[in-house]
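My entries follow in the order in which I checked them.

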Amino acid sequence: MSTAVPRSSGIWSVLFHGGENRPRSWRLSVIMQNTSALNQKKQIYSEGLQVLSTPEPEFSCPSDLHFEKLQQSDQERVCRHKRVFGNFIAREASSDEEYWTAACLRAESHWEDQSNNRYMESFKRKFAEQEFNALKRRCGDQLADKCTCIVVVKKEEKSVKCTVLKNMVGTLDLSIHQMLHGETYPGEQVKVSLFFENYRMGADRYAYISNLCVTKYARRQGIAANMLHLAIEVAQSNGLKQIFVHVHGDNKPAQHLYQQKGFQMVDTTTQLPVCNYLLRLKC
């Protein structure tokens, strides 16, 4: 019984279909053709690796954002909460361009201590994209837990206007949450009945501060302190009596800043290689 041999092409057709009985010049031609094709595949594969290893452009923003627009003047902008100090203004973010700039500022702050390599800008861009989309969702009206993005911009000079990207120097988030049943602070380990709902009607609400960062060149000018002061005002205006924030155990400047505002430690969470402190301010 003869064995069926699948059809092949190139050098394998020579081996399976009696190519050894063909003229030597014909076999050499087939081998050269397949060698050439193999070299072309290697070249394409090599070029593909070069494309994959090429760093992506820094912070390529969504196409529907327009950063050529000038920053609105103080008279044109309506803000529920605003704080003027020195050469800066702390207020609520109010446009997608400001959300994107805040996301980029957070990406820079997140990796500022990392060694600079060819992949770092790609990591920052991905982080900024994710933070931008998350920030828009958090600050949207559709969520039960309200979030306010506070930004600090340079005070406008007479007859001079800046774009959004060049104008922002600081940002933080202030979100409003609800305590779970039995909690006295967020994340507290409490025993809850299996038949009892975690959320209870009329439970205590609290404010939570996160993502506080200031661009390098504008530090030590009171920007973080004034953002924090405005965040406290926003929390109080919403009738909140407690404000919480997590701080890394090795971040001494941040700990000192919060302690100056009256925050006190209520819990310590060990997450190697550092500890996280949960601080609380009673309004």
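This is a predicted model: local features need pLDDT of at least 70, side-chain atom pairs count only at pLDDT 80 or more; totals for chains, interfaces and linings use all residues.

**Strands.** I began with strand β2 (residues 88-92), where five of the five residues are buried, so the strand is largely enclosed by the rest of the structure. On one side I looked up strand β1 (residues 82-85), which pairs with β2 in the antiparallel sense over four bridges, and I noted that phenylalanine 85 has phenylalanine 88 of β2 as its bridge partner. Two residues lie between the strands of this hairpin, and there glycine 86 takes a positive phi near 55°. I then turned to β3, which runs antiparallel to β2 and is joined to it by five bridges; here phenylalanine 88 stands opposite lysine 154 of β3.

**Helix.** Next I checked the length of helix α4 (residues 120-138): at 1.5 Å a residue its 19 residues should span 27 Å, and the end C-alpha atoms, 26 Å apart, agree with that. I listed its buried residues, among them Met120, Arg125, Phe132 and Leu135, and found that the buried residues of α4 pack against α3 (96-110), β3 (147-154), β4 (168-178) and β5 (205-214).

**Cysteines.** I searched for disulfides and found zero in the structure. Cysteine 213 is in none, since the nearest cysteine sulfur, that of cysteine 149, is 9.2 Å away, whereas a disulfide needs the sulfur atoms within 2.5 Å. For accessibility, I recorded cysteine 213 as buried because its relative accessibility is 5%, while cysteine 283, at 37%, counts as partly exposed.

Terms used:
Residues are numbered from 1 along each chain as its sequence is written. Side-chain values use heavy atoms; hydrogens and water are left out. The expected span of a helix is 1.5 Å times one less than its number of residues. Buried means under 20% relative accessible area, exposed over 50%, partly exposed in between (1.4 Å probe, protein chains only). Contact means heavy atoms within 4.5 Å. Two strands pair if DSSP finds at least two bridges between them.
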